[in-house]
Structures are given as C-alpha cells and as structure tokens.
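The following dialogue concerns how secondary-structure packing is read from a model. The sequence and structure come first.

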Amino acid sequence: MKIVYSDKHAAHDPQTFVVRGVRQRSAEQPERATRLLAAARAANHEVVAPRIYGAAPAATVHAPEYIDFLQTIAQEWAKLPNASAEVVPNVHPARYPATYPKALAGRAGWHQVDLACPIGSGTWEAALASSEVATTAADMVLAGERQAYALCRPPGHHAYADMAGGFCFLNNTAIAAQRLRQKHQRVAVLDVDVHHGNGTQGIFWERPDVLTVSIHADPSNYYPYFWGHAHETGAGKGVGFNLNLPQPLGSGDAPWLAAGDIALARIKEFAPTALVVALGLDASESDPLQGLKVTGDGFHAMGRKIASLGLSTVLIQEGGYLSDDLGRNLVQFLAGFG
C-alpha cells in the first residue's frame, strides 16, 4: 500500500498536557510518526510525499475565522507580555449563546476546547502538512488507487469546524471524506480510535451524504466525555446517519470486533462507494492511554473485515501513542488489506 508522509509534522512538538490537574509533556510526540514510518518501510510499503494544496482543502470543512486563528495565533500570542511559549487558554465560553471575542485569550478559549491542544510556533505548519497528507491520499484513491494510507500527524478527528481539541487542529478524516465527495455521492467514515471522533461527528452531524460510525471507549468515563454516546444519531437531514458504538473500558478483541461487525453492517446498508477509516491505534492493549485492550491480531482482523467491504478506502492516521507495539499494530492492520 502507498503511504503518504511529510516530515513537516516534527514542527509541532507540544509540551503541555494536563492530566488530573498535573501539567506534563503531551503524549502526542513527533516520535509517533517516525516509528510508524519505520514500521511501514520495514514492511515494504511505498512511501510518497504529499502534494502542496495550501489551506483550500481544510477550508471545505473548517470555518474561515478558525483557519485564520490557527495561522496567526502563535505569532500574536508571543507578542503578549509574559506569555507562555505555547498558546494555552485559561478561559472558555459557557454552553450558552456567546459573542466572538477580540482578545487573544478569549479567541484561544473559543477555539481550543481543552488543555490537550497547545499551539506552538510550528503547529500551523505541521497541521497544514498533515491535512495535505490526507488530501493527497484521498486524491490517489480518486485517481484509481484501491487504498492509500495517510500517515497524518498531528491527528485530526477531535477537531470541529471551528474548534481544536484532544491533540487535533485540522480534521484530516473530514477533509478526506469531503474530498471524496467530489466523485462519490455517498461516503462512509469508520473511526476505530479508542476515543470517539467527536469533531468528525460534529462536522457531518446534519448531513445524510456522509455516514459517520465510531467504535470507541465509553465516553461516560473517558475522553471526550461529552460526545460519543449511543443516543447521538444526527440532527435535521442527518438523523440516522451517525452511529456510535461505545465499548466498556478495558474491552478486548472479541467485543471490539463484534462492534466492527455492527459497524460494517450499517455501512453496507448505507451503500457508499468510498470509505474513510480514522485509524487510531490507541485501542491497543499496550497504549499508554489504556482505554481498550485490542491485540495485534485484533487489529489484523479489523483490517480484514474493513477490506472485505471492497470499497475505495482512505486510511487516516489518528491516535496511537508510544509503545513497543505501535509500529507492529500498524503493519498488522495494513496486512489485513492483503
């Protein structure tokens, strides 16, 4: 399988991640991508560079003011007296009608939903390159490739149209799905990350042309907490076109793969002609975030199930953090496609 990769991801090296009030270095480190790349190369997958698109693909799913914020906030923030090295908001709007602020602190709080998405001087460059990796993979599939894997970093599925969160800035999965809509009337998204793809769900929430399905750890007790519950099915014309399959914390291969069967049945019913897989490898039993307990064999089996759909497929790298199994799990999953 062809692997799309850009080394520009390394420009984003976040240092801020707050867990139970304790500030520590982010789990979303540049080494994630280099380990995945090394494993893919060792398994003889072909690595190609992304094309240059600029922000146009991102603008198909993200709000203009949000893209402007991502492009400019780090430089503007650095001019503030006694500012931190990374943009980390200290205030967020309430869940009620609010007015878009002018102050940088207010804009940061508006667009950054949590403390897991600090913005540094290289974040925009890396996020933009990641979106170009996703767009290139989508264009390869549009041009006739059966599958392509976008080794995206930073990840994207927690990013809403106007909001970053959970290590994510531009929603690569949504960008790829929207790109595929140029040719395909119906596109499905299957998210197998341990965390619910809340940003992707939000972007397509009221649309019947993109089916979003997510298999993830139960958000009642796991990030993103507020989204990803089974009763969330869409709104307006999108009612019935979102399916969440939350799994009890610590679930292993059997329930995860059983949820995969339910997901694939819904996808078949929807009858798309293209598929985007939000490939989170953080469902692994050895992932440091410890939400689910999926083995390498489980990832291989899920890859085979998805491949059996026979759809034109774009694989988008989402989560999956530093462990000895990270690269092996990627190779196992890709091997499921033959």
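**Reading helix and strand packing**

A: Helices H8 and H9 are roughly parallel to each other, a term kept for angles under 35 degrees, with over 145 roughly antiparallel, 65 to 115 roughly perpendicular and the rest oblique. This is a predicted model, in which local features need pLDDT of at least 70 and side-chain atom pairs count only at pLDDT 80 or more, while totals for chains, interfaces and linings use all residues. Residues are numbered from 1 along each chain as its sequence is written, and side-chain values use heavy atoms, without hydrogens and water.

Q: At what angle do the axes of H8 and H9 cross, and which residues meet?
A: Axes are lines fitted to C-alpha atoms, for helices over the stretch in contact, and angles run from 0 to 180 degrees between N-to-C directions. The axes of H8 (residues 253-270) and H9 (residues 296-307) cross at roughly 10° and come within 10 Å. With contact meaning heavy atoms within 4.5 Å, the residues of H8 that meet H9 include Trp256, Leu257 and Leu264, and their counterparts in H9 include Phe299, Met302 and Ile306.

Q: How do H1 and H10 cross?
A: The axes of H1 (residues 31-42) and H10 (residues 326-335) come within 8 Å and cross at roughly 50°. That makes H1 oblique to H10. On the H1 side the contact is made by Arg32, Arg35, Leu36, Ala39 and Ala40, and on the H10 side by Leu326, Gly327, Leu330 and Val331.

Q: In what order do the strands of the open sheet stand?
A: Strands of a sheet pair through backbone hydrogen bonds, either parallel or antiparallel. Two strands count as paired if DSSP finds at least two bridges between them. Here eight strands form an open sheet with parallel pairing, in the order E4-E1-E5-E10-E9-E6-E7-E8. Strands E4 (46-48) and E8 (242-247) are at the edges with a single partner strand each, so one side of each lacks a neighbour in the sheet.

Q: Which strands are joined to E6, and by how many bridges?
A: Strand E6 (residues 187-191) runs parallel to E7, with five bridges between them, and leucine 190 stands opposite valine 213 in E7. Five bridges also join E6 to the parallel strand E9 (residues 274-279), where valine 276 is the bridge partner of valine 189.

Q: How many residues of E7 are buried?
A: Buried means under 20% relative accessible area, exposed over 50% and partly exposed in between, with a 1.4 Å probe and protein chains only. In E7 (residues 210-217), eight of the eight residues are buried, so this strand is largely enclosed by the rest of the structure.

Terms used. Helix = DSSP H or I, 4+ residues; strand = E, 2+ residues; numbered from the N terminus.
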